[in-house]
Amino acid sequence: MSIFGMAVAALLLLAFLLDLVLQIPFGGASPIMDIGFVICAAILGYMAWDAFRASN
C-alpha cells in the first residue's frame with residue numbers, strides 16, 4: 001500500500017508541476033490549485049515513504 005501511495009504521489013506531483021510550468025494537462029486553470037496539489041502530493045509522498053520505512 002505504501003508503494004502505491006508513493007506512486008500516486010509521484011503521478012500527482014508530475015501532473016500538477018507540468019500544469020503549473022507548461023500548462024499542459026489542465027490548461028493552467030488555477031496556479032493556486034496547482035501549488036496546493038503539489039504541496040499535498042509532497043506530503044502524501046513523505047507519509048507513504050515514512051510508512052514504508054517504518055514497516056521494514
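Here is a short chat about helix packing and aromatic pairs in a predicted model.

User: Hi! How do H1 and H2 pack, at what angle and how far apart are their axes?
Analyst: Helix H1 covers residues 2-21 and helix H2 covers residues 31-55. They pack at an angle of about 160°, with their axes 8 Å apart. Angles over 145 degrees count as roughly antiparallel, so that is how H1 and H2 run relative to each other.

User: And which hand is the crossing?
Analyst: H1 passes H2 in a left-handed crossing. The residues of that contact divide into 20 nonpolar, 3 polar and 2 charged.

User: What about serine 2, is it buried or exposed?
Analyst: Serine 2 counts as buried, at 19% relative accessibility, because the cut-off for buried is under 20%. Leaving aside residues up to four places away in sequence, serine 2 touches Ala48, Ala51 and Phe52.

User: Switching to rings: how many aromatic pairs are there?
Analyst: The count comes to 3. One of them is phenylalanine 16 with phenylalanine 37, a stacked pair at 4.5 Å centre to centre and 10° between the planes.

User: Where do those two sit?
Analyst: Phenylalanine 16 is in H1 and phenylalanine 37 in H2, so the pair ties together parts 21 residues apart in sequence. Phenylalanine 16 is buried at 8%, while phenylalanine 37 is partly exposed at 37%. Phe16 and Phe37 also form one aromatic cluster with Phe26.

User: Why is the pair of tyrosine 46 and tryptophan 49 called tilted?
Analyst: Their planes lie at 45°, with the ring centres 6.2 Å apart, so the pair is tilted. Tyrosine 46 is partly exposed at 49%, and tryptophan 49 is partly exposed at 40%.

Key: Residues numbered from 1 in each chain as written. Predicted model: local features only at pLDDT ≥ 70, side-chain atom pairs only at ≥ 80, totals over all residues. Heavy atoms only, no water. Helix = DSSP H or I, 4+ residues; strand = E, 2+ residues; numbered from the N terminus. Buried < 20%, exposed > 50% of the residue type's maximum accessible area, 1.4 Å probe, protein only. Contact = heavy atoms within 4.5 Å. Axes fitted to C-alpha atoms, helices over the stretch in contact; angles between N-to-C directions. Parallel < 35°, antiparallel > 145°, perpendicular 65-115°, else oblique. Left-handed = near helix turned anticlockwise from the far one by under 90°. Nonpolar A, V, L, I, M, F, W, Y, C, P; charged D, E, K, R; others polar. Phe/Tyr/Trp six-rings, centres within 6.5 Å; stacked < 30°, edge-to-face > 60°.
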